[in-house]
Structures are given as C-alpha cells and as structure tokens.
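Could you walk me through the aromatic rings in this structure, one selection at a time? I have it open in my viewer.

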Amino acid sequence: MEGARRGAATAQGPINEEFTVHYWKDLADVPRGFGPSVVTLGNFDGVHRGHQQVLRRLVETAADREAQAVAISFDPHPSQVHRPDAAPQLIMGLEDRVEALAASGLDGLLMMTYTLELAGETPEQFVRNVFVETLGATAVVIGHDTRFGKDNAGDVSTMQELGRQFGFAVEVVEEYEADADGGSDGSRRCSSSWVREALAAGDVAMAAEVLGRTHRMRGEVVHGDARGRELGFPTANLSKHSSGLIPADGVYAGWLVDERGTRWPAAISVGSNPTFEGASRRVEAHVIDRPEESTDDFDLYGQQVVVEFVQRLRGMVAYTGPEALIAQMYDDVARTRSLLSTD
C-alpha cells in the first residue's frame, strides 16, 4: 500500500503539509468497507521509544500483508475522564501527539473521543465495533501491557482470544528498554511515567533518551513584564495555555522553532523569577546569536512556537541583585552556545 502511504486522502484534512495520513475523529468518518488493515491502540502520551517500537512493527506488518497501518488513540486521555483531579499532566499536546504518530509511517489515525459511554464497552464490543466492523483488521499489533475495554478488563490474552473469534492475528511487541543511571542492569522499560519523572527532576537529557527526541512545549508567544529586555536579554514568553509538560524550574539550553520552521538556539528559563520575587511560573526563551539584520524586526509576539529542551544548565536561584543575575545570564548564554555548538 505504498501509494496510500505517500498520498492518502484524508477525512479530516491533512495533519500538516508533510504527512498525508487518513485522520479520523469518529468511527462514522471511516469510509465504509475500509481495509484490510493492521491495527494498534494506545494513549501514546509522549510517543516514546517503546511506543515507536510498536508503531514500527505495525507498519512492517501492514506492508507484509499489503494492508493499511492504523493506530487508534484517545482524546481526552482516559485518566482525565475517570479521575480528573488525580490525572497526570500530559507530556505532549494533541497536535504534537498527532504529528509524532503520523511521522511513524501510518496510513491512518483514528483519534476517538473518550467518553464514559465508550469506556463502558466490553472488550468484545470495542474490538468488534472498531477493529472488525469499522477498520477491517486482519492483524493487531500491541504492547505486552495493553489494556482495553470496560474497567480495563481486556489484556493480551483477551485480544488473542478475540483474534481467534473474529479471525485476525495478534502480535505482541516486547518492552523497549533505555539506559537508566542507577539501575541494577543499566536499563529500564521506556514508559510515559519515566518521562514525567525525568522532567519533574529537570533531567531533560534523560527524558530525550526515553522519548527518542528532545522534549518540547508548544504555545503562543505573549507579552511578559519586559524585565529580560531591560536587562539586555529579551525573551519570548510562552502563554500559560501552552501544551507540553513543563520541566522543573531552572535554566536550560535548547531551541526555539518559529512559525516558519526556523530553529533558533536559546537559553530557556523556567520558574518565577525569584530575584524579583516573581509569583507566577513561566517559560521564557532568550534567542541567542541572531543575525544582525534580524535584530530590529525579530518579533515573535502572537506566533505559535515550539520550545525544545536539550540540557539543564542550573537550578533557579534568587540573586542579590540585577548585577549578579546579569553576570549569571551571560554565563548561561555562553554555556548554551557551547553546548549547542552554535559558533
């Protein structure tokens, strides 16, 4: 189905200009008679290396069977429906999740609206309605810890039994491990919880190891208090409504990607500006080494940008005054430049 993978028509419009993937938000959007397909399902928060291993095998199996590779995911995250007060913060926003899934080589992505009604379907009802009757699945590729159906009653053995009942093959992909400092064998199973744990500690390098790419946030650049500009370090302040999990307070080396796709090296501050007794937590990026011709017209206000975190430089510190802070900021910029090799 290589032709479909390069130029598939989309029910909801293209995910972006780069990926042409069938993108459905409801079972009714899937064309009648669609298939044959090879299917996987999951929340895919972070689309980390464990998820990527399942998705790679999905695409390979679909190619072998001359079928279409389809992933099923959910929005909102099930935990936000079942336990909104205790739901973990999401690693990435919906736009980035869809983009990362599309980049894996899928032919189709079904992003189902997660409701209590959907959650009430038994494993058999869900598989029959979605996999068999809607997507025409001839095979299912899942991770070993996949759960589905009412009360998460369905597991790998349930899927294998349903495969025998409905006539599709089931392939189980083993867990993917990454290097983990302090582990007894130096490795640990990749998981969304591990990514959250690393970001909570400010270890964006470890998060990148698990994710297979740098962690990012996405949001609109809004006006701040202009204190960075007054100190000689103007910053692009992300809106409080930005998507992506905010890492621990501190200063990071990373990148800012503007709406045109230009990647700018940046020193990124996360925190409440304790030197000036700030109260609200914010994410702001100071773009370094801009070309001279861009200095006067480098205006990011109102743009939707991406901020990528490469390495934590230091924690957040309350300095005795502006002079000490400025000296530290010069050092932060120098370390960022060296780390990113922007000379």
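## A tour of the rings

Start by selecting Phe 74, Tyr 114, Phe 126 and Phe 131, which form one aromatic cluster. The model is predicted, so local features need pLDDT of at least 70 and side-chain atom pairs count only at pLDDT 80 or more, while totals for chains, interfaces and linings use all residues. Residues are numbered from 1 along each chain as its sequence is written, and side-chain values use heavy atoms, leaving out hydrogens and water.

The structure holds six aromatic pairs (ring centres of Phe, Tyr or Trp, the last by its six-membered ring, within 6.5 Å; stacked if the planes are under 30 degrees apart, edge-to-face if over 60, tilted for the rest).

Next, select Trp 24 and Phe 34: this pair is edge-to-face, with 5.0 Å centre to centre and 80° between the planes. Trp 24 is in strand E1 (residues 22-24), and Phe 34 is in the loop between E1 and strand E2 (37-41), 10 residues apart (strands are DSSP runs of at least two residues, helices of at least four, numbered from the N terminus). Trp 24 is buried at 1% relative accessible area (buried is under 20%, exposed over 50%, partly exposed in between, with a 1.4 Å probe and protein chains only). Phe 34 is buried too, at 12%.

Now go back to Phe 74 and Phe 126, a tilted pair with 6.4 Å centre to centre and 40° between the planes. Phe 74 is buried at 10% relative accessibility, and Phe 126 is buried at 5%.
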